[in-house]
Amino acid sequence: MTDYSFHKVTVITGHYGSGKTNVSANLALKLAETGKVSIIDLDIVNPYFRISGKTNGAELFDNEKICVIASKYANSSVDIPALGFDIAGIIKDSDYTIIDVGGDDEGAKALGRYKDTLLVQGVQMLYVVNQYRYLTQKADDTLDLLREIETASGLKCTGIINNSNLGTETTAQNIESTLPYAEKITEKAGIPLVFTAGKKDLNCEKVDFPIEILIKPVWL
């Protein structure tokens, strides 16, 4: 990972299919090396890929330094925005809090309910991008979606995470070729590129945050 300094509260958002939930899970494991982490599933947009769903291993749930918090509907296909989180209390009891948010304006509106509390805490909001996904193949289109989330949530994005991938077909070259795209977004948005994520087994020199695929869809 780069020398980027993570805040006490980090919101992870991104368009559908960007891989933001796996990024959130891997970040939780990384931050748990130095403190207690709470990871909040605030994704009311996509009930199928969630932090609180199934994992490809016990790393997330068996780590005593990680507390996963979700709506009672999070492990089902029932898409009901039943939240009721005491976010202030969760933040107080944790060294780090990660909030995984749905990647459209409806998901951002759910986040906006907690805007005042989060602003007091000095929240950072990181936007996960994937050039290979529909509607985010061009930097300008990706930036438009980022701005929509900012408007709906009332929060400003403070950094970009490049998680461009083609799933199991991803190669190191696929990742390397997306760097100009990610850099163009950061330049236009006026915010930094926090890191480029990629699967550990690719051994890609341009990846500074190696990740594992930890989250399964709930139907598996």
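Predicted model: local features only at pLDDT ≥ 70, side-chain atom pairs only at ≥ 80, totals over all residues.

Q: Which residue in β8 does Gly198 stand opposite?
A: Gly198 faces Pro210 of β8.

Q: And the rest of the sheet, what order do the strands come in?
A: The order is β3-β2-β4-β1-β5-β6-β7-β8, eight strands in an open sheet with parallel pairing. The edges are β3 (66-70) and β8 (209-211), each of which pairs on one side only.

Q: How much are neighbouring strands turned against each other?
A: By 25° on average, with direction ignored.

Q: Helices next. Which strands does α4 lie across?
A: α4 lies across β1, β2, β4 and β5, and runs at about 145° to β4. Another helix to look at is α8, which lies across β5, β6 (159-162) and β7. The angle between α8 and β6 is about 170°.

Q: How many helices and strands does the protein have?
A: Eight helices and eight strands.

Q: Now packing. How many residues are in the largest nonpolar core?
A: 31 residues. Those with the most contacts inside this core are Val11, Ile87, Ile99, Leu111, Leu118 and Tyr127.

Q: Which elements supply at least two residues of it each?
A: On the strand side, β1 (9-14), β2 (37-42), β4 (96-101) and β5 (124-129). On the helix side, α3 (87-92), α4 (105-112), α6 (139-153) and α8 (179-189). The most comes from α6, which gives five residues.

Q: What does Ile99 touch, leaving out residues up to four places away in sequence?
A: Val9, Thr10, Val11, Ile12, Ile40, Leu42, Ile87, Leu111 and Leu118.

Q: How many residues does the second core have?
A: The second core has 20 residues and is separate; among them are Phe6, Leu27, Ile98 and Ala197.

Q: Whole-chain numbers, then. What percentage of the residues count as buried?
A: 50% of the 220 residues.

Q: Last one, on contacts between residues at least 6 apart in sequence: what percentage join residues at least 24 apart?
A: 77% of those contacts.

Conventions
Residues numbered from 1 in each chain as written. Heavy atoms only, no water. Core = buried A, V, L, I, M, F, W, Y, C linked by side-chain atoms within 4.5 Å. Buried < 20%, exposed > 50% of the residue type's maximum accessible area, 1.4 Å probe, protein only. Helix = DSSP H or I, 4+ residues; strand = E, 2+ residues; numbered from the N terminus. Contact = heavy atoms within 4.5 Å. Pairing = 2+ DSSP bridges. Axes fitted to C-alpha atoms, helices over the stretch in contact; angles between N-to-C directions.
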